[in-house]
Amino acid sequence: MKDQADGYVTADGRQIGPVVMEMKNITLRFGGVEAIKDISFDVREGEIRAIIGPNGAGKSSMLNVISGFYVPQEGEVWYKGARRAPMKPFQVAQQGIARTFQNIALFEGMTVLDNVMTGRLTHMKTGLFAQSIWKGKAEAEETANRAVAERIIDFLEIQAIRKTPVSRLSYGLKKRVELARALAAEPSILLLDEPMAGMNVEEKEDMSRFILDVNDEFGTTIVLIEHDMGVVMDLSDRVVVMDYGKKIGDGTPHDVRNNQAVIDAYLGVAHDA
Amino acid sequence: MAYTLVSADGPQSVPALLHRNAKQFADAPAYREKEFGIWQSWTWAQTRDEVEALALGFLELGAAEGDFIAIIGRNRPYLYWAMMAAEMVGVVPVPLYQDANAEEMAYVLDHCGARFVVAGDQEQVDKVLEVQDQLTQFERIIYLDPRGLRKYDHAKLDQYTAVQDMGRKARDKHIAELEARQAKLTYDSTGVMLYTSGTTGKPKGVVLSNRNIIETAKSSSAFDKLRQTDDILAYLPMAWVGDFIFSVGQAMWTGFCTNCPESADTMHVDLREIGPTYYFAPPRVFETQLTSVMIRMEDASRMKKWLFDKFMAVARRVGPDILDGKPVGFMDKLKYGLGEVMIYGPLKNTLGLSRVRVGYTAGEAIGPEIFDFYRSLGINLKQLYGQTEATVFITAQPDGEVRSDTVGVTCPGVELKIAENGEVFYRSPGVFVEYYKNPESTADTKDADGWVATGDAGFIEEGSGHLRIIDRAKDVGKMADGNLFAPKYVENKLKFFPNILEAVVFGNGRTECTAFINIDLTAVGNWAERNNIGYASYQELARHPQVMGQIQSHVEEVNASIAEDEMLSGCQVHRFVVLHKELDADDGELTRTRKVRRKVIGEKFEDIINALYDGSPSVSTVTEVTYEDGRKGSISATLEVRDAKVFADTRKMAAE
């Protein structure tokens, strides 16, 4: 069913579109270390795509390739039907790809609202001079951007901490603020690097609900890396499994769960047996 | 029943009031709600239009006169409008507690037979859908926040705005019917039905008529001189009668503005931004706020702490008198004025209480220290006594006669009487019509002459005419000499001391009262630490002579204050012990909501009670305890029994 080029409708009624991003034979080396070895997979519009794998499998490197932070030595990244030339992360952001980080990367001294507003940066057109005078266009622009930021704050239920400096928040809330900032960019693809790491069960449930709601309400395509297998299997439409830089599985959660190579990678097999 | 307050003219229903306000205060704000970081507001004229659109939508959906419509969600203007729209079409609105679970909700929805439910969000919709099979008359849900509901089967769902649009489109078709239905509303038609929380047995639906709502709103607004320009923050459950009367009854009558917070978590921020002039909060809200102020002051710089302490002492001395308009010395006035600029003003601003002209607390006893703290800052905090069956108001404290130990004088139009056993009865225009589908309970509570039993015991103070509530009527007993025995009254007084966590007073049928005391480990432990007093266990701390001494002085202070009460002077504590263990729900000594189980304690600690009455100086005892993991053990201890000074009734002495 999912081979249909124009997309398909999932069992729970979600519309999955055509392929929006494709990774073709990506290889990434750090000196002599091959972090990613010849990996290919695609991402469809509107789906939740998970990348899983044991520690050091190359998941975060893969996400960094998508976000433009790393430029692979070999292979091609195709985005919206065109081959993407090597570009700077801010250019990638302008193309509509936003991300969160494994180790939270917020501006600690700034308020939640200001942090979310930084996510609007790619949508601001007026120059430094106009913004410092703050008249006419600049004012109207900021008002419009603030409105978007406020909708996201409302959506993620963080109204109560709007004016709180990020440094005073709990870990779980910081993660949510990071998601808010990424969403503020109104991305077409959202990259989440371990959105639930270090959270308790309740926070994980909240975060899962937000991820599903984001996908549902805004139709955002989501690529996420996650350790918690239960969460991945519940959330995602399709899963890529990596181990030692190689792709060892790709398919629906059900397929992946029954894939022998994946079971071996997770449960471990005696290599010299 | 002959009520003198029924007016021949004037609006006879809540919708009639809405139309009056839309004309009279057309451009004044009626509702505000913070959304997306901005306070959105609606004028009375806009409110009328919104309500009317929804009412027309209800007609389009087929709402019939006499139907019930349930309303579930946090305080939002849209839900208040739903109540008004329901009344417009002759339907009875039934607000429900939003934190009720699905089963509790099923009972109420089925009991009233609601055909429509207006739900705030997905959570409430889910609960109703979960129990819909148990409901025979349920037809549709109208939901407010569409989030997460996009994929739901909409066979039984409508979005709130869609119903309004439906109504606007069908205006020509239904407007005549809508006007006809409103014209039929009288003082005797049902205005709202509120379910009592049901701590004992199933919840009961209290039917309140337009007369109840409007007469109560009218007289209580006059009592506190509420103005059209007042602001109120609506944050307490919509299903609670207080919220209904403040945010709908009084708001409609006086035309003041109801402000809804952005979410439950932002209440304190929103409180600061709105700065209500009329404010209600249960004692625990005031208590938490005070604690947080005190903790923050402990962390403040030395200079600031010194200023705070200095000026708070001034405030405590003269603040309440200044508030009551009593004469105060010139120097004190000057100092208080300086304090207002430097401490009280900024503090009130932080608390969001700068503009409060009338503040109320009720529901349970408030500690005198907490009460006095707010009053000394110049916040006009008062107490009232009421219940759902009375449409809130039974008694309230008039300005200038505010004390922490009474609940005030009767509200205009209310009559009180005290029964033989001390139970308080009242009669007023606010007395409810009936319990829905429950004539037996109605007859039990309200007699043929309209007198309603409160279930509380109390007495009217001679001289001031203030009502004082002692305890639940069923808990009040008699002492051997026939005096009233009100254990909870004494226990509450004891518990106001931070050092005392729990107290149990004995004396029913005996000649004198005695008490068990539990120390508060946090407070006493903190004190011990600051004074270099070492202790190894709760037990050791509890029987430390200095701790015993402190407790004794607290008991004697309480005795002195009880002695001033003619009715209760017999309840002074003659002897007491400080218990060697904390009373615990795991051991069955307390209920899960931390209420004392007198019978269990009486049996379990019989030996100690005997020692309290036979005059022995100490008692050795072994007590079984249950640990958290369910294992059992025992503690043995020797407790010192102390005598406390008792005071003669000062009034009786004077009379003799």
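A: In chain A, 67% of the contacts with a separation of 6 or more are between residues 24 or more positions apart; two residues are in contact if their C-beta atoms, placed from the backbone, lie within 7 Å. The model is predicted, and local features need pLDDT of at least 70, side-chain atom pairs count only at pLDDT 80 or more, while totals for chains, interfaces and linings use all residues. Residues are numbered from 1 along each chain as its sequence is written, and chains are lettered from A and ligands numbered from 1 in the order in which they are written.

Chain A has ten helices and twelve strands; helices (H or I, at least four residues) and strands (E, at least two) are DSSP runs numbered from the N terminus. Its radius of gyration, taken over C-alpha atoms, is 19 Å, close to the 19 Å of the globule rule for 273 residues, so chain A is as compact as a globular protein of that length. That rule is 2.2 Å times the number of residues to the power 0.38. Of the 273 residues, 37% are buried, meaning that 20 or more other C-beta atoms lie within 10 Å of the residue's own, again placed from the backbone.

The part to examine begins with a sheet. In chain A, four strands form an open sheet in the order β4-β3-β6-β7, with antiparallel pairing; two strands pair if DSSP finds at least two bridges between them. β4 (33-44) and β7 (82-83) of chain A are at the edges, each with a single partner strand, so one side of each has no neighbour in the sheet. The partner of β4(A) is β3 (residues 19-30) of chain A, and eight bridges join these two antiparallel strands. A:F30 stands opposite A:V33 in β4(A).

Helix α1(A) lies across β3 and β4 of chain A and runs at about 60 degrees to β4(A). Such angles run from 0 to 180 degrees between N-to-C directions, and the axes are lines fitted to C-alpha atoms, for helices over the stretch in contact.

This helix spans residues 59-66 and includes A:K59. A:K59 is buried because 27 other C-beta atoms lie within 10 Å. Beyond its neighbours within four places in sequence, A:K59 is in contact with A:I51, A:G53, A:I225 and A:M242. A:T100 is 41 residues from A:K59 in sequence, and the two are 14 Å apart in space, C-alpha to C-alpha.

Terms used. A residue is buried if 20 or more other C-beta atoms lie within 10 Å of its own, exposed if 12 or fewer, and partly exposed in between; C-beta atoms are placed from the backbone.
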